[in-house]
Amino acid sequence: MSTETKIEIEQLMVSASPHIRCDESISKIMWSVNAALAPAALFSVYNFGMPAFFNILLCVLACVATEYLILKWQDKPMVVNDGSAFLTGLLLAMNIPATLPWYMPLAGSVFAIGIAKHTMGGIGFNIFNPALIGRAFILASWPIAMTTWPISSDMIGKVDALTTATPLGILKQQGYQSLIEHFGDHATMYKSLLLGTRPGSMGETSALLLILGGIYLIYKGYVKWQMPVLMIGTVGILTAAFGGDPFLHMMSGGLILGAFYMATDMVTIPITLKGQIIFAIGAGALTVLIRLQGGYPEGVCYAILLMNCVTPLIDRLVKPRKYGTGR
Amino acid sequence: MAKSFRGGVHPDDRKRYTASKEIQVAPVPEKVIIPVRQHIGAPCSPIVAVGDLVKKGQVIAEAQAFVSSPIHASTSGKVVAIAEYPHPVFGTCMAIVIESDGQDEWLEGLPLSRDWKNIEASEIKEIIRQSGMVGMGGATFPTHIKMAPPKEKTIHTFILNGAECEPFLTADHRVMLEQSERIVTGMQIAMKVLGVNKGYIGIEDNKPDAIAAMNKACSGISSLEVVPLQTKYPQGAEKTLISVICGTDVPSGGLPMDVGVVVQNVGTVVAIADAVEKGIPLIERVTTVTGGAVAEPKNILFRIGTTFAAAVELCGGFAKQPMKVIMGGPMMGMAQRTLDVPIIKGTSGILALSEADVNIGPERPCIRCGRCVEACPMGLVPSMLSILAERGAYAVAKENYDLLDCVECGSCVYVCPAKRNIVHYIKLSKAQNAAMAAKK
């Protein structure tokens, strides 16, 4: 080799093929999901005020800090900035009421990252969605706080109270008729559900913004459209079949948040599209079962966690059609 | 509508560097390093000694084994060494070094001039074997074996693989443009040997000029048909190519001949035409020298035994520090540790990739995103194969996850956001399974 080019041939890297890679990375995926959630998260601050802002910040910081400390302690590669712990924090915040006292989201965050994620081996190895485990942990520990909902933006100045019930809560306790009365009429109720100016967990309320973020993720290829469509569709169809109001059920609770952002968590759902379809339908059916027959007004969290349990089984049974084995 | 297959990936093909560059003929190097093993199968033994004078086209190494292929001198001169030299596939290999006498003199009687139509099929088969013909796409399987399928296999279709689905490479593309008539002759010869009367030429639709050139060359020949294929990697993998063109899958564990098909590479059929009509053995080939680190990427006709260093020199040297130098394409080629390796019969490309081209990152755990499952043209679960290899569960990979069906096309690694070296794990698992089988 001519010396004037200053090329160091001794430095050639030798590794197995292929030698080129696409531009995707775990960080890109995670930060894109964070970005998709951002509008709904910002809306929650508008809807519930500063407590929402404070709790989002707390959850995100607590999750990132827990991840940092564990990676440090275990002497693992420092990947805390890949956006996955941030995402767990953001998702957890969106799954809890805005008014929780600070130690509850903190405990939930530490549990989500420390127990649900890192006792399993960290990113890629957890069986359950960490944010949902965090939520379930807080709900089991402080059930009253977790079902006490602050009033939302559409109620401020109209009601003489600080807390209220969620639409699904009213439905469970008092029935469909009083829910309609609560909103005034059907149209107002649907509008409120779509825009999100209603009580609920911080980030679950704005169906519209959650769907817009979800469409962005589908466009990016990080979410397959079949997942949210089938999960939400299953809830609608089954609710209608059992005589409920399908639109109410499809737009309320954490269904849209769960269907777009948690039933699509790559790590904890089946790896094949066929398996994912089973997952989505199963999660939708379990949601309806819990909402209509169970003691809780809302069932998305447990429905997804239960389907997480059977994911390894689905993966074992459902494999792609192998080439050379018939069309 | 161009035909396609399930799975696959769409890397930027980057053929623009060389697609419009005519094939340039390289000057005869001062020295050629010719390995005695340039094919799948038994290595040859040298039949010349240091100090011997050899002529261009003379056999210098051969083997008695059936699965093997003789080696010829690629220029005239003196044998100056027979020793272990770096080899682009096997690490090191015995090689015969010929110092050129500058005459580039053919072996007595070469080249011949004969009409393939007057030669018996059995004789053509023997000519192909003696000419050292191997699959020039990179697999280097001896051609005479493919051309002589066992009696119980009825071959009805011949496919010319003009897909050239590997990014960067344009050697086949240029040959199809510049030597389309020779390709047609080569195909007709191959089809005569196989007794086949249907031949397809599969070409990815990112090469419309090649499709047009081959259509023109085939006009009036009813047995030949050009099939435009969707541009998608690995369109040119034998199995996907057969499925797309014939509509039948090669059974798991089977060979193309099991579905009555023989596939040959573009360069190979041109070499067949040259061997049969002119008596010229396989001593040169068209290679694309390219990649982000090469100053002036080119398509060049090289003598076998030219070093990679000399090839890069002919292309203006390096413009950037290469991170990897590859023999073949970026998806299935082999990384080289030195530029002292020679061009062999299977060297379709020499790729010098810069750090930006390689885009490698630290390997992370699988996040089960499923992109590899979608990309796998064989319908496997690549993520699981990599995880099982990490755990040392090689037998499970083979028994439950169809390890041996993997064709190592690299689509899974290309799309992996965790930058997992899945093909590396798969090669390891295959080797471990072979070792376990050998122990029994």
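# Reading a two-chain model

Me: Which residue in β6(B) is the bridge partner of B:A61?

Reply: B:A61 has B:I71 as its bridge partner in β6(B). Strands (E, at least two residues) and helices (H or I, at least four) are DSSP runs, numbered from the N terminus. The model is predicted: local features need pLDDT of at least 70, side-chain atom pairs count only at pLDDT 80 or more, and totals for chains, interfaces and linings use all residues. Residues are numbered from 1 along each chain as its sequence is written, while chains are lettered from A and ligands numbered from 1 in the order in which they are written.

Me: How many bridges join strand β5 of chain B to β6(B)?

Reply: Two strands pair if DSSP finds at least two bridges between them. Strand β5 (residues 59-62) of chain B and β6(B) run antiparallel and are joined by 2 bridges.

Me: In what order do the 3 strands of the open sheet in chain B stand?

Reply: The order is β3-β5-β6 (chain B), with antiparallel pairing. At the edges are β3 (45-46) and β6 (71-72) of chain B, each of which pairs on one side only.

Me: Is B:V54 buried or exposed?

Reply: A residue is buried if 20 or more other C-beta atoms, placed from the backbone, lie within 10 Å of its own; with 12 or fewer it is exposed, and in between it is partly exposed. B:V54 counts as buried because it has 22 C-beta neighbours inside 10 Å. This residue sits in strand β4 (residues 53-54) of chain B.

Me: With which residues is B:V54 in contact, leaving aside its neighbours within four places in sequence?

Reply: Two residues are in contact if their C-beta atoms, placed from the backbone, lie within 7 Å. Apart from neighbours within four places in sequence, the contacts of B:V54 are B:V48, B:I60, B:A73, B:S76, B:G77, B:V79 and B:I98. As for B:Y233, its C-alpha is 42 Å in space from that of B:V54, and the two are 179 residues apart in sequence.

Me: Why is helix α3 of chain A largely enclosed by the rest of the structure?

Reply: Helix α3 (residues 84-94) of chain A is largely enclosed because 11 of its 11 residues are buried. Among them are A:F86, A:L90 and A:M94. The buried residues of α3(A) pack against α1 (26-48), α2 (50-73), α4 (103-118), α5 (130-141) and α13 (255-262) of chain A.

Me: What does the secondary structure of chain A come to?

Reply: Chain A has 15 helices and 2 strands. Of its 327 residues, 51% count as buried. Among contacts in chain A between residues at least 6 apart in sequence, 72% join residues at least 24 apart.

Me: How many residues of chain B are in contact with chain A?

Reply: On the chain B side there are 60 residues, in contact with 39 residues of chain A. Elements giving two or more residues to this side of chain B are β15 (324-327), β16 (334-336), α9 (355-358), α13 (411-415) and α14 (422-439). For the classes, Ala, Val, Leu, Ile, Met, Phe, Trp, Tyr, Cys and Pro count as nonpolar, Asp, Glu, Lys and Arg as charged, and the others, Gly among them, as polar. The side of chain B that touches chain A divides into 35 nonpolar, 14 polar and 11 charged residues.

Me: Which peptide bond at B:P111 is cis?

Reply: The cis bond runs from B:L110 to B:P111, with omega near -10 degrees. B:P111 lies in the loop between β8 (91-100) and α1 (121-130) of chain B. In chain A, a cis peptide bond joins A:S17 and A:P18, where omega is about -10 degrees.

Me: What is the mean pLDDT of chain A?

Reply: pLDDT is the predictor's confidence in each residue, from 0 to 100. Chain A has a mean of 90, and 94% of its residues reach 70 or more. Over residues 1-5 of chain A the pLDDT is below 50, and this stretch has 7 contacts in the model beyond near neighbours in sequence.
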